[in-house]
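Q: Please give me a close look at a single chain of this model. I would like to follow how its parts pack together.

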Amino acid sequence: MPVTEIRIAGFGGQGVILSAIVIGKAGCIFQDGYSTMTQSFGPEARGGACSAQVILSDTPVLYPYVSTPDILVVMSQEAYTLFSPQIKGDGILIIEEDLVRIGELPPGVRVYSIPATRIAEELGKKMVLNIVMVGFFAAVSQAVDPEAMRKAVAASVPEAYRDLNLKAFDRGFEYGTKELSQVIVKQDSLVAVAAIET
Amino acid sequence: MHADPAGVLTGTHFLDGDHACCEGALAAGARFSSGYPITPSTEVVERFAARVPTVGGTFIQMEDELAASITLQGAVWGGAKAFTVTSGPGFSLMMEHIGYAAMTETPCVFVDVQRGGPSTGLPTLPAQQDMMQVRWGSHGDYEIIALCPNSPQECFDLTITAFNYAEKYRCPVFVMMDEVVGHMTEKVVIPAAEEIEIEPRRYTTLPPEEFRAFKPGEDLVPDMPHVGQGYNVHVTGLTHDERGYPDMRPAVQDVLVRRLVDKIKKNVDKITLFEADQIEGAEVVVVSYGITSRVAQKAIDMARAKGLKVGKFRLITAWPFPEKEIAEIASKVKGIVVAEMNLGQMVREVERAAAGQAKVRLVGHAGGSVHKPEDILKAIMEVAR
């Protein structure tokens, strides 16, 4: 019964909730499976902390909340400070690298970083940073079928911004694929170094 | 009768419970809502206000809950299917008009997305603390129907059921959601309009001169007049005779109020909905409802993994309460564990129905979050001992 627990957090206004909707939708509508999305409800609309939780499972989700995420996506320092202590020992941490500086983490945690806001600005609209993050998430986490994610993006944004959002998704995905291959190369070379040393 | 396709958003959606509830209301034929939006129920009418102009209908934001809860009843008598939504503090203010709906047999739906109380309490956090209030909140003797969805899909499905029950039994019907179910987003499948059964309004087939507005049929429920077509319509919260005119004689009160109660009590087998799993041979049965039933399921799975024989009984209708079923379970098991997000409400009904035949153990919670499955598991293990 593989279950993936995800938390996405950042400032209100960064599109945290929409990112979670895309992942959740991909997980239960555009691929076989179940997903449950919940969000923190506070008085804040813009600024302030905002977080959403998605649980992906191949059986119906019973318990609706995430306590120790397998994957933590953070887009603000405050969110990092608040939620990084919860991450699973062998979990994945995904950060907006211009907005988050990481501290000490459990040794098993894999960290992936992307300048999502800069990429979104290059695309002409800072607003799509969340979809850049979602594309990056799809590549590095491999938690959901990327094609399902892409369809979920298309189904979740206004018609007029669909192409822009798909571009944002693709840019994030490419960035993630590249980062992932570099990590693998790095790990391979580490193994190679280790082999030489022994 | 099938649903009017205009209100049915057929397809597979990713919706939260509040939005799914709104789609259920639209699919059921609701074309009027008067509301005084309050967290965590706001999204239901926010969506309704956006959607209803496209299907032909009205949303009015009222000045308060008293106005919201009576305006919809005017709309019902005018021919619309109507509802309102609220949460704890607003629900308290609506009590007088809920009694009015019961007394005047106005078919209408109230959605209560429960949050932690008392008073303003926890505006954005869950509870199941209005379960007795929904049953007993207004003064006088009356019966209502209350449904407890545990997922966005059920928020859609059971809102339709609520409208259907309201039309069939002519009483206020309540969709007792909780903040978690209201705000959680999951897959919701909305079928084609022709697959959705809708209970039409029970309009009289009698001509105006023979029609009596509160003369019951065999099922103890009266038919409704076509307003504006020559039928005599007199609706009052005062004790009234079959014509609807005030009559304060104790004998009239006795006939009327007994009927208001009996039309639900005598149809209880047709109304009661529940989900029962592995009751046969169970040592312990866990009773729960709403979001708590999902957390309880996790605890049940954990207990079964330890080899315990545990059954599940989920209330879908909290009211009328499935008394007979609980009594039967109590006669066969060591104990019943009741998990609910309050400090003991439906457990009183379980105790009453069990009548000492089995131990009844409450796993209460003051609200603000869901139970820890481990707490329910602990109670299961103690009761099984």
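A: Happy to. Two residues count as in contact when their C-beta atoms, placed from the backbone, lie within 7 Å. On that basis, residues 24 or more positions apart supply 77% of the contacts in chain B with a separation of 6 or more. This is a predicted model: local features need pLDDT of at least 70 and side-chain atom pairs count only at pLDDT 80 or more, while totals for chains, interfaces and linings use all residues. Residues are numbered from 1 along each chain as its sequence is written, and chains are lettered from A and ligands numbered from 1 in the order in which they are written.

Let's start with the whole of chain B. Its C-alpha trace spans about 70 × 50 × 40 Å along the principal axes. The chain holds 13 helices and 15 strands; these are DSSP runs numbered from the N terminus, helices being H or I of at least four residues and strands E of at least two. Of its 385 residues, 54% are buried, meaning that 20 or more other C-beta atoms lie within 10 Å of a residue's own, again with C-beta atoms placed from the backbone.

Chain B splits into domain 1 (5-195) and domain 2 (275-384), with bounds from an automatic or database domain assignment. The C-alpha centres of these two domains of chain B are 27 Å apart. Where they meet, 22 residues of domain 1 are in contact with 21 residues of domain 2. On the domain 1 side, strand 6 (122-126), helix 5 (131-136), strand 7 (145-147), strand 8 (172-178) and helix 7 (179-183) of chain B each give two or more residues, and helix 5 has the largest share, with 4. That side has 15 nonpolar, 4 polar and 3 charged residues, where Ala, Val, Leu, Ile, Met, Phe, Trp, Tyr, Cys and Pro are nonpolar, Asp, Glu, Lys and Arg charged, and the others, Gly among them, polar.

In helix 3 of chain B, B:Glu65, B:Ala68, B:Ser69, B:Leu72, B:Gln73, B:Ala75 and B:Val76 are buried. Seen down the axis of helix 3, they fall within an arc of 160°, so they line one face; the arc is that of the directions from the helix axis to the C-beta atoms. They pack against strand 2 (30-35), strand 4 (81-86), helix 4 (88-104) and strand 5 (108-116) of chain B. Just after helix 3, B:Gly79 has a positive phi of about 120°.

Helix 13 (residues 373-384) of chain B has 12 residues and reaches 17 Å between its first and last C-alpha, close to the expected 16 Å. Its buried residues are B:Pro373, B:Ile376, B:Leu377, B:Ala379, B:Ile380 and B:Val383. These too lie within an arc of 160° and so line one face of helix 13. Their cover includes strand 11 (284-288), helix 10, strand 12 (310-315), strand 14 (335-339) and strand 15 (359-363) of chain B.

Key
The expected span of a helix is 1.5 Å times one less than its number of residues. A residue is buried if 20 or more other C-beta atoms lie within 10 Å of its own, exposed if 12 or fewer, and partly exposed in between; C-beta atoms are placed from the backbone.
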